[in-house]
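Work through the exercises below with the sequence and coordinates open. Each task is followed by a stepwise solution.

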Amino acid sequence: MANAAEEFSGKISLLSKWVASVGLLLMTAIIVVQVFSRYVLNSSPVWAEQAALLLMIWYVFIAAAAGVREGFHIRIAVIANSLPEGLQRWVRFLTHLLVLLFGIAMAVFGAQLAGATWEHVIPTLGVSRGLAYIPISISGVLIVGFSAEQLLADLRSKEVGPLWN
């Protein structure tokens, strides 16, 4: 059961990284179009800036969730690493628990924010402003799952193997 859950989690993490990568590429392409249009054609598309920002919000939150599983999120381990092994384990456990709780807050409050702004429209795109806040909830749900996996691995004295080197 643990292997199936870890395999599923790994696939979700890999999918998250692919989604974030495609979002980054699309945003870069939109910015290239905007710069070319502005400086060569002297007419910048009105939708380009907001589309690039919306994509950036999506890929940053999704990549941040994958970072929880893969261990490439920002963390300061100097103090934890200087503690004895027993205390290091408790610090890691507490850290994963706090990240899990933060993920729950992101999922709940992100959904509330998306719902509260759903009727607002981004004028240059003609889409709901709530679309900019949906990734907060998605990221929160992913962070909860990935943190739970980390917690269970710590309880079994195992490590969650990253999918990248």
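**Exercise 1.** Within what distance do the axes of helix H2 (residues 48-70) and helix H5 (residues 134-155) come, and at roughly what angle do they cross?

The model is predicted: local features need pLDDT of at least 70, side-chain atom pairs count only at pLDDT 80 or more, and totals for chains, interfaces and linings use all residues. Residues are numbered from 1 along each chain as its sequence is written, and side-chain values use heavy atoms, leaving out hydrogens and water.

Solution. 
- Step 1: Helices are DSSP runs of H or I with at least four residues, numbered from the N terminus.
- Step 2: Axes are lines fitted to C-alpha atoms over the stretch in contact, with angles from 0 to 180 degrees between N-to-C directions.
- Step 3: The H2 and H5 axes approach within 8 Å, crossing at roughly 5°.
- Step 4: H2 is therefore roughly parallel to H5 (angles under 35 degrees).

**Exercise 2.** State the location, burial and contacts of Ser37.

Solution. 
- Step 1: Helix H1 (residues 2-39) contains Ser37.
- Step 2: Ser37 counts as buried because its relative accessibility is 9%; buried means under 20% relative accessible area, with a 1.4 Å probe and protein chains only.
- Step 3: Beyond neighbours within four places in sequence, Ser37 contacts Asn42, Ser43, Ser44 and Pro45 (heavy atoms within 4.5 Å).

**Exercise 3.** Locate Leu87 and give its C-alpha separation from Ile143.

Solution. 
- Step 1: Leu87 belongs to helix H4 (residues 85-116).

Key: Helix = DSSP H or I, 4+ residues; strand = E, 2+ residues; numbered from the N terminus. Buried < 20%, exposed > 50% of the residue type's maximum accessible area, 1.4 Å probe, protein only. Parallel < 35°, antiparallel > 145°, perpendicular 65-115°, else oblique.
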